[in-house]
Amino acid sequence: MQKSAYSFERQIKTHKKADVLVVGGGPAGTAAAIGAARLGKKVILLEKSAQLGGMGTLANVSIFMPVGNVTGIYREIIKEMLSEYLPAGHDESIAPQYSPFLLRHYFNEKMKKEGVDVYFHCEFVGTVREGSRIQAVIASTREGLLAFEGDQIIDCTGDARVAIDAGAAYRTGREGDGLTQPMTLMFTMQNTGKPVKPILPEGCYYYKDVTDLPQGRRLYWEQHDDGVLLVNMSRVKANGADAEQVNYAETEALKQVFSIAHYLQRTGFETYAIAHIAPQTGVRETNQIEGRYTLTEHDVVNGSRFPDVVAQTNYEIDIHSPDAQKTTDERHVDGYDIPYRCMVPAGEFENLLVAGRAISATHVAMSSMRVQATCYALGQAAGIAAALSIEDAVPVGDVEIGKLQAELMKQDARLIGIKERQR
Ligand SMILES: Cc1cc2nc3c(=O)[nH]c(=O)nc-3n(C[C@H](O)[C@H](O)[C@H](O)COP(=O)(O)OP(=O)(O)OC[C@H]3O[C@@H](n4cnc5c(N)ncnc54)[C@H](O)[C@@H]3O)c2cc1C
């Protein structure tokens, strides 16, 4: 007979202690680590995979969506890796396609330069909480379970995994039915210069025309003259933080990828062969913490401004149908602020922030703030806030906003219109 639950107790050796411990090395986590390290803090970054960059590398997203504010660490990445796209001003929009392999390498080198201690294959499994403080996190490593201590902890797992484990309140997906945006397995095709034989492996689908496709549309980019076609056309109804649903998604998405490639090879890309399939199916949306402030559709649509602004974006509302219909809700956005309070979990947490796509936001608001450049901006602010909290000996939710914004400026971030508002 299957028991309903087990209790599990162990003595776990403490491996290292950091001033700032970042969990998850995606856009938010890499920027958080750099932001804190630049204030002289000892930073440890735990990443469950073998690479930094999060969905941007692991899931082959490979394109930065435009946010109207090319700033801070995101701007630095563009300058150092994609300089041909660097706009003169911060308040401009770019949408460059990049190599996820180069970005992966770039981050390895960048972290060395910044003095960030990165642990790969190191998956967060639990928190040790004493009162309002998280004392340590437990991670599964190649040596088994190890404990890592941090004066400040920043959850950049995308799924709010650390915050949820520590007892923070959270929501999942769309208000009402909890459905999240669907998952997509990104892949690239390479122009071989000669006709290729379309292959449809067993169990895959024959898409006759565009209406049969999972998204009901052709969505791909070919920005450079290197013959690389980046394809974002699969769509699987699943919650990327649900163990059972992820099993389904990983197999269904791969079937769709082969089926889409077969369709493209018959309809305009007769000389293209599959070159690379992302190692994991991309996750757009899972959990959002309940923070001190929740960003709403109203804020996004009406261009809300906040005194504790730490990031800004004008990326559209962009909701791939959570019901896996062939529709995408895309709505223009003029621009709005994201306040610091969205990263501060509600409740008694002295030393925990959540940065990146899992901040406190409604389903619609999240669809706009989730893109990479915004997650870099949020991460950088979280890293700086964690460092200031240590320096000023205050709970991280109570850091002085003026100091946080001033430090962001020192690190070459720009918050459009803030000076005028402060006058
Ligand atoms: C299919 C798809 C297409 C997209 N298209 C675009 C686009 O064109 N342009 C754009 O700018 N954005 C796009 N996005 C959105 C964007 O990529 C993500 O929203 C963004 O990467 C989120 O950043 P993040 O740092 O919050 O989380 P993530 O990128 O999800 O990174 C989280 C990191 O934490 C790690 N992690 C998770 N759990 C643990 C754990 N327990 N222990 C240790 N590490 C852990 C993960 O391995 C990962 O590295 C797309 C997303 C998807 C899925």
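Modeller: Ten nonpolar, seven polar and two charged residues make up the lining of the second largest pocket. Nonpolar here means Ala, Val, Leu, Ile, Met, Phe, Trp, Tyr, Cys and Pro, charged means Asp, Glu, Lys and Arg, and the others, Gly among them, are polar. The model is predicted: local features need pLDDT of at least 70 and side-chain atom pairs pLDDT 80 or more, while totals for chains, interfaces and linings use all residues. Residues are numbered from 1 along each chain as its sequence is written, and side-chain values use heavy atoms, without hydrogens and water.

The volume of the second largest pocket is about 290 Å³. Its lining has 19 residues, and those closest to the pocket centre are Tyr98, Ser99, Pro100, Asp226 and Val228. (A pocket is an open set of points on a 1 Å grid, with protein on both sides within 12 Å along at least five of seven lines; lining residues have an atom within 4 Å of a point.)

Several secondary-structure elements take part. At least two lining residues each come from the helix α4 (100-114) and from the strands β8 (187-191), β10 (228-231) and β11 (272-277). Helices (H or I, at least four residues) and strands (E, at least two) are DSSP runs.

Next, the setting. The domain assignment, automatic or from a database, divides the chain into domain 1 (14-175 + 284-411) and domain 2 (187-277). The second largest pocket lies between domain 1 and domain 2, because both give residues to its lining. Taken over C-alpha atoms, the centres of domain 1 and domain 2 are 29 Å apart.

In a cavity, a 1.4 Å probe fits but cannot get out. The largest cavity holds about 90 Å³ of space. It is lined by 15 residues, and Asn69, Thr71, Val310, Ala311 and Ala377 are the closest to its centre. Eight residues of this cavity lining are nonpolar, six are polar and one is charged. The strand β13 and the helix α9 (372-392) each supply at least two of the residues that line the largest cavity, and α9 has the largest share, with four residues.

Key
Points joined across faces, edges and corners; volume = space filled by probe spheres on them.
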